[in-house]
Amino acid sequence: MEAHEEKQNQFATGNIFKLVLKLSIPAITAQLINALYNIVDRMYIGRMEGVGAAALTGVGVSMPIIMIISAFAALIGMGGAPLTSIRLGAGKREEAESILGNCMALLVAVGLVLTAVFLLFKRPMLLAFGASENTLPYADSYLTIYLLGTLFVQTSLGMNAFINSQGFAGTGMVTVLIGAVLNIILDPIFIFGLGMGVQGAALATILSQAVSAVWVIAFLCSKKTILKIRRPNLKLWTPHSGQVLALGMAPFIMQSTESLVQIAFNSNLQLYGNDLYVGAMTILSSVMQVLLMPLMGFTQGAQPIIGYNYGAGNAHRVKKAVGYSVGLCMVYAVAMWLAIRLAPTVFTGIFTSDPALTETAVGAMNIFFFSMFIMGAQCAFQNAFIALGKAKVSIFLALLRKVILLIPLIYILPHFFGTDGIFTAEPVADFLAAVTTITAFLTQFGKIRREMDETRLQFARKEAAD
């Protein structure tokens, strides 16, 4: 118990910058490792002899469904985890454990429903997402196997958020490290050794996720964790469920609308271009996924510090944690923007050696990532709203970038600029969303500070009464 109290006290009294780095570095490592689940698949698939380009495009077409599955894990895991941090800061441990158990039950139920629904409707959905006669067989084969592991994906991704929210960033990193290493080992064995092709890639992924899921549950049932999964708390609906789903709606929108974005990109690139442009988009989305991982890691590292101190009413520490998160995210985003501008072929070369696909992807990359430099601030401020439990504003900001701005631009701009217009939609939406997010946080923080001042006053009154 003393070790648990020490870990919570570090949120209240420890050096903020050191804490953010301490929690961010394992979180960044975990995010990058987590990206390997799909990235490694694509690296191997893209090099399948004779069919690599078509197979890679087919897997890219299946990505919207995979993103939706991850989005539901975020809806529950990232909706519940910040609430447990806030409850711990307020000294309400039993309430935090109730939220944990409720989220575990929801993840299992959602995982089973998603498996059944997507298996039933996968082929018409893949055709709607931009699959062609050449790429549909690969998309169908990959997705059929992947869907059988939906429950493992929900559990490992969703429940790992609760490990990180308690400050066990190293353990959260190990969760994805175990699965990723296993995935890297199994991929070449199944794809090439056993001749399973894209089905082998999917099988390697779900087996790896299954091992990660077992690890997560074992830790959250052990004596090492502050919050433990307890049987009485495994309920599908509790008084906290609405709050969990409301707060989780922002990360859910951010991830689920990514699938809508991919549908919009793929269908329009097929309409105005061909399979080559859809393949290039698969590469761009893969690079974007990898580049965003460290940004998410920095914000995840700051999240438990922000949430705990918000619950405790400590405005000064909340402000410092947000500030360090923004600064780290901005430095990283600018560095990555420069790297893409100076050496785009380094990024495309990870996924393909096909000359035509490389040329198309490099040209698109210079357009697609033009506003990367400002995304650091947007990511940090948007996730700060989530850490503070501000559901309404975080939902609006999540909708703004992709639904309100990006998707309409994907359909409007190609009428004027062809395929270049499709890729241009991304930097325009990124810039406008970033400016709005920064402005929203700066105008809202005064109100948030007053809420924390009231919380501290309540604590003081309670201590005086005791």
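**Salt bridges in a predicted model**

Good morning. The structure holds 7 salt bridges, a salt bridge being a side-chain nitrogen of Lys or Arg within 4 Å of a carboxyl oxygen of Asp or Glu. This is a predicted model, in which local features need pLDDT of at least 70 and side-chain atom pairs count only at pLDDT 80 or more, while totals for chains, interfaces and linings use all residues. Residues are numbered from 1 along each chain as its sequence is written, and side-chain values use heavy atoms, with hydrogens and water left out.

I begin with Arg 401. Its side chain meets that of Glu 426 in a salt bridge, at 2.7 Å from N to O. Glu 426 belongs to helix α17 (residues 419-465) and Arg 401 to helix α15 (residues 391-412), so the pair ties together parts 25 residues apart in sequence. Helices here are DSSP runs of H or I, at least four residues long, numbered from the N terminus.

Arg 401 also forms a salt bridge with Asp 430, where the closest N and O atoms are 2.7 Å apart. Asp 430 lies in helix α17 as well, so this pair ties together parts that are 29 residues apart in sequence.

Are these side chains buried or exposed? Glu 426 is buried at 3% relative accessibility, Arg 401 is buried at 10%, and Asp 430 is buried at 1%. Buried means under 20% relative accessible area, exposed over 50%, and partly exposed in between, with a 1.4 Å probe and protein chains only.

I turn now to Arg 123, whose side chain meets that of Asp 140 in a salt bridge of 2.6 Å, N to O. Arg 123 is in helix α4 (residues 93-128) and Asp 140 in helix α5 (residues 136-147), 17 residues apart. Arg 123 is partly exposed at 42%, whereas Asp 140 is buried at 12%.

Conventions:
Helix = DSSP H or I, 4+ residues; strand = E, 2+ residues; numbered from the N terminus.
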